[in-house]
Amino acid sequence: MKTLLEVDNLTVRFSLRAGEITAVDQVDFKLQEGERFGLVGESGAGKSVTGFALINLISKPGYIAGGSVRFQGNELTALTDEQIRRVRGNDICMIFQDPMMTLNPVLTIGTQMVETLQAHRSISTKEAKRAAVETLRKVQIPSPERRLRQYPHELSGGMRQRVVIAVALITSPSLIIADEPTTALDVTIQAEIMALLLSLCKDENMGLILITHDLAVVSQVTQRIAVMYAGRIVEVGATDDIVKHPRHPYTIGLLSALPQNKPRGQRLDQIRGVMPTLLDIPPGCPFNERCDRAQEICRRQRPGLEWKQHGGRVACHFVE
Amino acid sequence: MFAFSVRRVAQAVLVMFVISFIGFAIKYAVGDPVRDLVGISVSVEEREKVREQLGLNDPFVVQWARFLQKAMQGDLGMSYFFKRPATDVILKKAPATLELVICSSFIVILVSIPVGIFAAVRPNSWLSRFLMGASIVGVSIPVFLTAIVLIYIFAVELHWLPSYGRGETQMLWGVWDSGLATADGLQHLILPSIALSSIMLPLFIRLIRAEMKEVLETEYIKYARAKGIAPWRVLIVHAFKNTLLPVITVGGVQLGTMIAFTVLTETVFQWQGMGFVFLEAVERGDTSLLVAYLVFVGAVFVVVNTVVDIVYGLVNPMVRIASRS
Amino acid sequence: MSTLQKIRQSDLLHNFLRDPLAVGSFFVLLVLVAAGFLSPLIAPHDPYDTTTIDIMDSEMPPAWMDGGESRFLLGTDSQGRDLLSTILYGMRVSILIGIGAVVLQAFLGIFIGLTSGYVGGRLDAFLMRVADVQLSFSTYMVAIFIGAIFKTIFGVGLYAQVAVPFLIMVIGFAEWPQYARTVRASVLAEKKQEYVEAARVIGFPSSRIMWRHILPNALTPVLVISTVQVANAIMSEAALSFIGLGMPVTRPSLGSLIKIGFEYVFSGTWWITLFPGIVLVLLILAINLLGDWLRDYLNPKLYKGA
């Protein structure tokens, strides 16, 4: 299998009035072609920023402070504005959280699909429309010709997210970055959309980076996951392995907080404390203040993300 | 959408009704139609006869009904000074004022949109800071002062442009007395248009900048960029189109202010438009003309605002849907 | 939090002192207002005293120019009045009318806004439609019409005598919708708050709830728009005076002074227009800049488009 994406030591900083913060701290991971990868963590852990950094879409006061993103052998962080524009929405597409917020309220569905295709291919509007109809059919939207003339608010939440998926598919990308694609939707629709996304990725052999806080969702869809905490990856490995045998204390905490991992009637565990804000991450291991196993070394020395005996990578001094 | 438009038009009619009432009340209280018709050198008996003939001894409501009926046919009484129907006098002067307003609007649109967008996209550049600073100074300078300064610099000192009047005009289609058709007329238009637009420009620049800045922060702009849409298209089609709604709304309201300011601009430039005639009418106590101006300007405001509201409904898909369901 | 508390607890003064533009504007405004109100004491001449005015002195240029005299620092106007003194007196009239008109419009607007927001229903709908319509006609147009009607009804002579209260009324009546809409918006926001609910449950009469509980919370936006409104009122007064619907030339405001001067601009007598013009712009600019600072600082949720 060929490597699709290789992220190395990616670091994103924000220059705020209150100080310089590191939102994404030396993140690295790899993705094979057609692989589905999950980025898991609480809100504010840096998952979304990582996603945007991959296509160099960090706006001021943020900036990519270091590291590299190699996509199909090209270094994305080194591209010019025009070059990276040609990658965005073409080879790498994004799906945002809330389809009501992401679709432009004053443009029709058709316009928003056609413009995407025309931004990357020289193609007549008529042909682009035909492609749009076809893609809408692919995401199982009924009477697609009529949808093209409709505005986003005329569709239901689930329909809108299908449209967003269609916009992503229309250029046949090799990687889709989906940032909490189902969080804003009704619970009943969530499963539908997730299933659709999964089957499309399989059919078209597209890579998927699924950014979510929902461990249940990632475990159903992805093959490998990375758990993020305070801007860093603390554990990477095969999804099944991590879900069954989490190694990092934070991952363990996250999993035992899930209701399905507890017998009925028993109290759910929760990790004590809250994730530190990015302005005051403690020295050493960022998790040390909330960790039951924390020792002197955890406060002094930051653990690297290292290969461990079980065949995954964990950033903890106490995992062998 | 249809129901919405009907409601809006009904309201417009109601407002016109109120305006006509105010107009009539003014005439009833201070106007002297007998004088307007026959002048002052007529005996008391004859006046009384004319009064009776004109129905001026009828009850208020009857007279109002008559006024309304005549107003519907465009008859708002005789101008005492011009000895002609007041509506005629106003309509004859209307092109002058409307051309001034249209030219100023053009300047406002042409300047405020690029400047506002630029200031929103590059808020920290020195040019943006300068433009925003200039705009707050701009709103603080009364329009008549701008006009006087323009005249002093470009007409009195430099002799580049004419200082007052409309210059050579040409009758278009037999009704529209236009200054746009001749070079001399256009030259005369320059200073008044700049003066009139000076008061609106800062306001629109600030409005467009504020709305643009807000829109540029939204998710759908980030999404458009993530789709690889060209930067100019993100700015114009995705962002600017979303700022149009508030700009149109404020624009409609500001058109009223603009017409109010034509009174000032026309005074300074001796511009023979409606505002100029209106002030003369106030000085001369020419009630019919005053009322005609009130009704005409009222009608312009009402029509413009109604159209703006309906256009708003068309542009804003939300409103459209809300009224459909 | 009420406005007073907000000001006391915050670092208003600190923030103010750190902003040179705000301090500068405040200083300029202070000097202008002081000069205006102390004009009878500090002005070298009394422009209202016709016995001291000599028509022979008319149209004299400023003291530093050829033909200028040291008696008249900024020159004289067309009637031979000392321009500096006339400007000082005129500024006093402008400020007086500006503040008076804002007090009136604030009173009207707050009362209507409170009633409208608190009572709601049809009354609210009606009052807000009236405000909308009046605003759509623009406050200037309304002021011009009211002024024109008054002038026609009362005649030029009487109008001149009562010009000050007239102008206060005209501008006050023309601009109340701004306040009414702002106050109503904050009343609607406050009405949902728990403390208002609590006061109602306790059984306080609604008038008490309105004045004692809701109004203090609506004051922040009122304070912010008040500064801008004073500037607007001064500008309106100047405009009305300029077109002859304001202060008479015998007791000129800044606007009527500019009107007087304008007739002489073509003959090169620029100072009668320029100096009052500069003072007027400085006055309005200083108030606007202070208003901007205050708005940025207090940052209330203002009614959009107001």
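How many helices and strands does chain B have? Chain B has 13 helices and 2 strands, where helices (H or I, at least four residues) and strands (E, at least two) are DSSP runs numbered from the N terminus. This is a predicted model, in which local features need pLDDT of at least 70, side-chain atom pairs count only at pLDDT 80 or more, and totals for chains, interfaces and linings use all residues. Residues are numbered from 1 along each chain as its sequence is written, while chains are lettered from A and ligands numbered from 1 in the order in which they are written.

Let us stay with chain B for a moment. Its C-alpha atoms fill a box of roughly 85 × 60 × 35 Å along the principal axes. Of the 325 residues in chain B, 41% are buried (20 or more other C-beta atoms within 10 Å of the residue's own, with C-beta atoms placed from the backbone). Two residues are in contact if their C-beta atoms, placed from the backbone, lie within 7 Å. Among the contacts in chain B between residues at least 6 apart in sequence, 70% join residues at least 24 apart.

Now for how the chains meet. There are 2 pairs of chains in contact, and chains B and C share the most contacts. Chains A and C do not touch, and their nearest C-alpha atoms are 16 Å apart. The table sets out the two interfaces, with residues classed as nonpolar (Ala, Val, Leu, Ile, Met, Phe, Trp, Tyr, Cys and Pro), charged (Asp, Glu, Lys and Arg) or polar (the others, Gly among them).

| Side described | Residues in contact | Classes of that side |
|---|---|---|
| Chain C, touching chain B | 35 residues of chain C with 38 residues of chain B | 25 nonpolar, 8 polar, 2 charged residues |
| Chain B, touching chain A | 17 residues of chain B with 24 residues of chain A | 9 nonpolar, 3 polar, 5 charged residues |

On the side of chain B that touches chain A, they are α9 (219–226), α10 (231–269) and α13 (317–324) of chain B. The largest share of that side, 6 residues, comes from α9(B).

Within chain C, helix α5 (residues 83–119) packs with α10(C) at an angle of about 145°, their axes 7 Å apart. Here axes are lines fitted to C-alpha atoms, for helices over the stretch in contact, and angles run from 0 to 180 degrees between N-to-C directions. α5(C) passes α10(C) in a right-handed crossing (the near helix is turned clockwise from the far one by less than a right angle). Residues of this contact include I95(C) and V102(C) of α5(C), and M210(C) and V222(C) of α10(C). By class, the contact has 17 nonpolar, 6 polar and 1 charged.

Chain A brings a sheet into view. Its 4 strands form an open antiparallel sheet in the order β2-β1-β4-β5, where two strands pair if DSSP finds at least two bridges between them. β2 (19–32) and β5 (74–75) of chain A are at the edges with a single partner strand each, so one side of each has no neighbour in the sheet. Strand β1 (residues 3–16) of chain A is joined to β2(A) by 10 bridges, and a hairpin connects β1(A) to β2(A) through 2 residues. L10(A) has V27(A) in β2(A) as its bridge partner. Helix α1 (residues 47–54) of chain A packs on the sheet, touching β1, β2 and β4 (62–71) of chain A, and its direction makes about 70° with that of β2(A).

Terms used:
Buried ≥ 20, exposed ≤ 12 C-beta atoms within 10 Å, placed from the backbone.
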